[in-house]
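Hi,

Here is the structure I said I would pass on. Have a look at it first, and my notes follow below.

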Amino acid sequence: MERTIRVLVGKPGLDGHDRGAKVVARAYRDAGMEVIYTGLHQTPEQIVQAAVQEDVDVVALSILSGAHNTLVPKVIEGLKREGLDDVLVLVGGIIPEEDVEFLKKAGVAGVFGPGTPTSEIIEFTRENVKRK
Amino acid sequence: MNIEELASRLLNQDKRALARAISLIEDGGVEARALMKRIYPNTGRAAVVGVTGAPGVGKSTLVDGLTAYYRQQGLRVGVLAVDPTSPFTGGAILGDRIRMQERGTDPDVFIRSLASRGQVGGLSRATGDSIRAMDAFGKDIILVETVGAGQGEVEVMRYAHTTLVVLMPGGGDEIQAIKAGILEIGDILVVNKADMEGADRLVRDLEMMLDLGPESPWRPPVMKTVASRGAGVAALAEKIEEHRQYLISSGGLDRKKLDQVSSQVEEIVASSLLAEVMSRARAAGTWQEVVDRLSEGTLDPYTAAEEVLSRHGLLSEEG
């Protein structure tokens, strides 16, 4: 039997809009995955600890505040420190073109802007999950 | 990571090993069983508290409040929070952590969300062994939160030493609706959101209902809490401890543990037998033959089952 993919959908930082995150969470659920939804205003450390305890395959971060260049590397460092180097990290939200490269260098596998069809995110996730 | 390494890391309080172990338990199979065999001798120490009740009564917030209280006492806490799996897609949204934000980074708190994965009764099939994994890891107290429960979600009483049934004021006929269901399994009844109108009436109604019930050496106390403010949580925790002492002195705790473990043996025997019979029936072609005849309408399901059993199961030996 195929393992159920577990995804943490988290919102680090201060912005208070989680509509996008909820839409993505719902899409993952409808694709048969288990979504751990952590809610708003998460610190990078809260996200890292949730990822450890929930043993997730994917960490999907939604960031609209513009603070992605600080928050995302902190999450990735934390995941590495905890030995979670096989976790797929995705970022969604309003990310300027010039930052996408920076995030990918930091270890983000995929960056999805507003209006990305959820089916594209699901497919990308399925194809790139590292733990089988 | 092999099973031996996973087990020894878990017993050495490696959080990632515990997380991985629970995933293995969720997926089931021989590896999970090998792991459980290895860690079973280290279990049996933790207190297990079940928290059940209808959706929206504040179970997660109450679990969060109890966790904060136990941490102040210096106890190490494990939380298992179960949410429903979609019957259509197999997916799930597990949102209980939202109400436990503060606790997530405490090194002595481990919170794990479980999807029910088709199991009825308000829990996941992995619940029992996940409790054991947390116990072996060294948790002093394990809080098990069920899916939002109605009348039939009584499974939690099998695993919990003390079961809390959580209610809130304002439902009118709510006691009527659940008195034959989960209310009966409550060792402690909790009226949460007790600052809302109707709380005292609900407490009175519950007491009246308990008056009508059978005499028992443990009469479930009715406790008022406002979990969002932490009000009443310490008194509730004291009652939980009182119930535990009662269980220990009455021999009930040992009985509960034995009941749970012996019914687990029954389950393992049943599922192993089922798997064995079905694999033999499939390999021998009996299964396909039976399905074909069912599809033609020349066989009823009862005779079909008897045929499978008589050719590949125990009935073949016992006559």
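This is a predicted model: local features need pLDDT of at least 70, side-chain atom pairs count only at pLDDT 80 or more; totals for chains, interfaces and linings use all residues.

Helix 2 of chain B covers residues 15-27, so 13 residues by the DSSP run, and spans 19 Å from its first C-alpha to its last, close to the 18 Å expected at 1.5 Å a residue. At the start of this helix, a side-chain oxygen of Asp14(B) comes within 2.8 Å of the backbone nitrogen of Arg16(B). Just after the helix, Gly28(B) has a positive phi of about 70 degrees.

Is helix 2 of chain B mostly covered or mostly open? Mostly covered: twelve of its 13 residues are buried.

Zooming out, chain B splits into domain 1 (1-41), domain 2 (43-250) and domain 3 (262-311). The centres of domain 2 and domain 3 of chain B are 38 Å apart, taken over C-alpha atoms.

Now for where the chains meet. Chain A puts 30 residues into the contact and chain B puts in 28. Together they bury about 2,400 Å², with 47% of that on carbon and sulfur atoms. On the chain A side, Arg29(A), Glu34(A) and Gln53(A) lose the most area to chain B, together 25% of what that side buries.

There are six salt bridges between chain A and chain B. Arg112(B) makes a salt bridge with Glu54(A), with the closest N and O atoms 3.8 Å apart. Helix 2 of chain A gives the most to the side touching chain B, with seven residues.

Cheers

Methods: Residues are numbered from 1 along each chain as its sequence is written. Chains are lettered from A and ligands numbered from 1 in the order in which they are written. Side-chain values use heavy atoms; hydrogens and water are left out. Domain bounds come from an automatic or database domain assignment. Helices (H or I, at least four residues) and strands (E, at least two) are DSSP runs, numbered from the N terminus. The expected span of a helix is 1.5 Å times one less than its number of residues. Buried means under 20% relative accessible area, exposed over 50%, partly exposed in between (1.4 Å probe, protein chains only). A polar contact is a pair of N or O atoms within 3.5 Å; within protein, one must be able to donate a hydrogen and the other to accept it, and residues adjacent in sequence count only if both atoms are side-chain atoms. Contact means heavy atoms within 4.5 Å. Buried area is the accessible area (1.4 Å probe) that two parts lose on being put together, summed over both. A salt bridge is a side-chain nitrogen of Lys or Arg within 4 Å of a carboxyl oxygen of Asp or Glu.
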